[in-house]
Amino acid sequence: MQLLRQQLQLTFRFLKQSHRSFRDVLVVHGLLLFVIIPGLTATVKFILSSGNITYLSLEQFPTLITKHPIVLVSLLLVGVLILLAVFFEFTFLLFSMYFIQKKQYVKLTQLLRLSSQQLKKVRISVLFFFLLYFVLLLPIGSFNFRSDLLAKIQIPAFIMDYIFANRVSVIVSFALVYLSLLYLGIRFLFVLPELILNNKKVREAIAISWQLTKKRFLIIFLTFLGISFAIVAINTLSFIVLLSIQSLFDRYLPHYALIAAVFIMFCMQAALLINIILTTISSFYFMILLLDQEQRLPQQLFVSTDTTTQAFSSWQMVGLTLVASLFGISVGLYNYDYLKNAELSNPLTISHRGVSNGNGIQNTLESLSKTSTEYHPNYIEMDVQETSDHQFIVYHDFSYRNLANTRLVPEENTLETARSLRLNENGQTGTIASFDEYLAKAKQLNQKLLIEIKTQQTDKKGVAERFLARYRTQIIEQHHLVQSLNYTVVETLKEKAPELTVGYILPFNLIGPPKTNADFLVMEMTTLTAQFVTSAHQDHKQVFVWTPNDLNAMERMMFYGVDGIITDRMDLLNQAKKLDEEETYADKLAYFVVGFG
């Protein structure tokens, strides 16, 4: 309770002293959000288009080195620009809080000039440390710096699911790595301020930060935790009140419900923006406070400051009023369109690996039969791999270790070897099926399949061609779908068999939908946004999502407009599909808050 009181006192003190700088931080945040980020995204798309490169993934890296060195260098330069932009944002926030603490008024132009001057001092060692800190440490959550430039750097849900679905040793190892990065993130907390404010070298700054945090580790950790908790708690309470008000309009004043929803959505958008800004800059303010207590702040920065504020001129007031009015009208129109037209989609139901709620062993005939007859999914998603004797089996992992407790690899062993293994999962035992057997069983059940072709072979095109030569007719007759995480496989399938319905799997959403001949895109849910779904639909491509496994996530994906949901919980997905009640404006606002539109 005492800690919470301290955090509230710190927040109120910060708000009292920072009301002038709040506008400046908002302006720079808007500059990043509406100018720099779209500009960098457009630049990446232009670079890829200029090199006639239709997609970007790790498997493309060797090709970029050998065949597209100019594109690779250009992309690396964009990466450096992103780092510099984040460094600029960090520097701007740091200087803003410095002047708040020093009780000195500084103009926005002066802050921008001072922050820009710091870019000239950036050395390779600084960039390297910056990359290490913000790419490796911040996504883990060690510090409350929320940069939109880094918003997509996070641990995907499928990796977290893999970690916590496996052995205790894996979970323990992950926890140890997490805690280690958390510890390092806090111990390195003052490195960047020392580099920026005191012009220290990286080695010196690390030593200073290590010393400053030696006895303050717990206080720093609890303070950042308290700041986050306090702001999230206030925001959550605000959203509950706003949603309750909207529910009253929906129920008792339906004729005014849409107007009320547009206004309440505007309030929520403002609250979300304030949450991001407050969480970030209050953390910076606390960091500056600690440095001031340790007498580590410079007495005077090389910028002209004045303790008096300068009133806005009449022209400036007119300009600000005009900009605010245009912004308000734009937001209002967006909100009206969103609330008027947004509705739940009616997605295809797809069982992930043919298992629902642990009712069997993934990708086996028994699970196929059980899930199909009990849950009646539109499709059962399953995985095929080619063995060393050019047969196809139904198996997911690139090693038999997890299910069969052997280090043998499917692509390096024969079909006979695969069939001899005993699988163990969910308290059951079973055997590996050939794809021929799986197809026959699916035909018997009248069950359509979503077939994923998995391969680590160098000749990926050859794998796709051999697959088509053997199964093309059956797949077309039974109306199965085919997908792959490998771009070459996808494009080969569409080139050789254009009548097939083929999907391209993307584990990340970095720059929007890729250019591909695929008929649909399959996106991991962590970075999927409504904007991605809209862009894909504009390209006449459907979007499937994997793997939401709770009702809230499923309904949010349906509200995004996805065309198919791949899940481990067919029971919940069927339940979500039965929710045929008309969505209220309160429901739409709730989905907006959860998914940020």
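Biologist: Which helix gives the most to the nonpolar patch?

Modeller: Helix H1 (residues 2-50) does, with 4 residues. Keep in mind that this is a predicted model, where local features need pLDDT of at least 70, side-chain atom pairs count only at pLDDT 80 or more, and totals for chains, interfaces and linings use all residues. Residues are numbered from 1 along each chain as its sequence is written, and side-chain values use heavy atoms, with hydrogens and water left out.

Biologist: What makes Leu-31, Leu-33, Phe-34, Val-35, Phe-266 and Phe-327 a nonpolar patch?

Modeller: A patch takes residues with over 30% relative accessible area and no salt bridge; nonpolar side chains (Val, Leu, Ile, Met, Phe, Trp, Tyr) are joined within 5 Å, like charges within 9 Å. Together these six have about 550 Å² of accessible area, by the Shrake-Rupley method with a 1.4 Å probe and only the protein chains shown as cover.

Biologist: Why is Phe-34 called exposed?

Modeller: Its relative accessible area is 56%. Exposed means over 50%, buried under 20%, and partly exposed in between (1.4 Å probe, protein chains only), so Phe-34 is exposed. Phe-34 sits in helix H1; helices here are DSSP runs of H or I with at least four residues, strands are E runs of at least two, and both are numbered from the N terminus.

Biologist: And why does Pro-193 count as buried?

Modeller: Pro-193 has 1% relative accessibility, so it counts as buried. Pro-193 belongs to helix H8 (residues 191-197). Beyond its neighbours within four places in sequence, Pro-193 is in contact with Phe-90, Leu-94, Asn-198, Met-287 and Leu-291, where contact means heavy atoms within 4.5 Å.

Biologist: How do you know that the buried residues of H16 line one face?

Modeller: In H16 (residues 435-445) the buried ones are Phe-435, Tyr-438, Leu-439 and Ala-442. Down the axis they fall within an arc of 100°, so they line one face of the helix; the arc is that of the directions from the helix axis to the C-beta atoms. They pack against helix H13 (365-375), strand S2 (379-386), strand S3 (392-394), strand S6 (449-453) and helix H17 (460-477).

Biologist: What about H13, which residues are buried there?

Modeller: Ser-367, Leu-368, Thr-371, Ser-372 and Tyr-375. His-376 follows H13 and has a positive phi, near 50°. His-376 is also among the residues touched by Thr-349, which lies in strand S1 (residues 348-352) and is buried at 4%.

Biologist: What makes Glu-294 and Arg-216 a salt bridge?

Modeller: The rule asks for a side-chain nitrogen of Lys or Arg within 4 Å of a carboxyl oxygen of Asp or Glu. This pair comes in at 2.9 Å, N to O. Glu-294 is in the loop between H11 and helix H12 (314-341) and Arg-216 in the loop between helix H9 (202-212) and helix H10 (217-252), so the pair ties together parts 78 residues apart in sequence. Glu-294, at 33%, counts as partly exposed.

Biologist: Is Lys-454, which pairs with Glu-452, buried or exposed?

Modeller: Buried, with a relative accessible area of 12%. The Lys-454 to Glu-452 bridge is 3.6 Å, N to O, and Glu-452 is buried at 8%.
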